[in-house]
Amino acid sequence: MATDYDEVRSDVKETQDRSLEVLQSANAPDARSVVTELDEADALDEGLTPGGEIVAEELIVQVIPQAADEFTCYSCFLVRHRSQLARESNGRSYCIECEG
């Protein structure tokens, strides 16, 4: 007698049907409740750093103006020393790295 090896065995088919029934009858959370839970979690995380510490102080940054021997590259927008100037055209300066 020939055997069809592509046909699903009866015991496997019964298991698949039972698994599907279990999944369909399971109490899945409502999509709205999941979104609400995520929003609440995000609201709690606003004042936390990645380590979980609460940061309640302002950061103070000292801004140093561009010196006379420096330029801002029009391509990468980094402030560079005049020794790194590759070219100037139409009032725009480009550094060696961007031109190279």
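## Arg80 and its partners

The side chain of Arg80 reaches the side chain of Glu97 through a polar contact at 3.4 Å. That's in a predicted model, so keep that in mind as you look around. A second polar contact, also listed at 3.4 Å, links the Arg80 side chain to the side chain of Gln84.

Where does Arg80 sit? Its place is in strand S2, which covers residues 79-81. Is Arg80 buried or exposed? Arg80 counts as buried because its relative accessible area is 12%, and the cut-off for buried is under 20%. Leaving out residues up to four places away in sequence, Arg80 touches Asp69, Glu70, Phe71, Cys95 and Glu97.

Cys95 is in S4, and Leu85 stands opposite it. The two strands here are S3 (residues 85-89) and S4 (residues 92-95), and they pair in the antiparallel sense over four bridges.

What joins them? The hairpin has two residues between the strands, and Asn90 takes a positive phi near 55° there. If you're tracing side chains along these strands, here's a handy rule: in a regular strand, side chains alternate between the two faces of the sheet.

## A nonpolar patch on the surface

Now for the outside of the chain. Leu59, Val61 and Val63 form a nonpolar surface patch, and together they have about 390 Å² of accessible area.

Take Leu59 from that trio. You'll find Leu59 in the loop between helix H2 (31-45) and strand S1 (70-72). Leu59 is classed as exposed because its relative accessible area is 76%, and exposed means over 50%.

## The whole chain

Step back, and what order do the elements come in? Along the sequence, the protein chain reads α-α-β-β-β-β-α, with three helices and four strands in total.

How much of the chain is buried? Out of 100 residues in the protein chain, 6% count as buried. The chain exposes about 9400 Å², and carbon and sulfur atoms supply 52% of that area.

Key:
Residues are numbered from 1 along each chain as its sequence is written. This is a predicted model: local features need pLDDT of at least 70, side-chain atom pairs count only at pLDDT 80 or more; totals for chains, interfaces and linings use all residues. Side-chain values use heavy atoms; hydrogens and water are left out. Buried means under 20% relative accessible area, exposed over 50%, partly exposed in between (1.4 Å probe, protein chains only). Accessible areas come from the Shrake-Rupley method with a 1.4 Å probe; for residues, only the protein chains shown count as cover. Patches are made of residues with over 30% relative accessible area and no salt bridge: like charges are joined within 9 Å, nonpolar side chains (Val, Leu, Ile, Met, Phe, Trp, Tyr) within 5 Å. A salt bridge is a side-chain nitrogen of Lys or Arg within 4 Å of a carboxyl oxygen of Asp or Glu. Two strands pair if DSSP finds at least two bridges between them. A polar contact is a pair of N or O atoms within 3.5 Å; within protein, one must be able to donate a hydrogen and the other to accept it, and residues adjacent in sequence count only if both atoms are side-chain atoms. Contact means heavy atoms within 4.5 Å.
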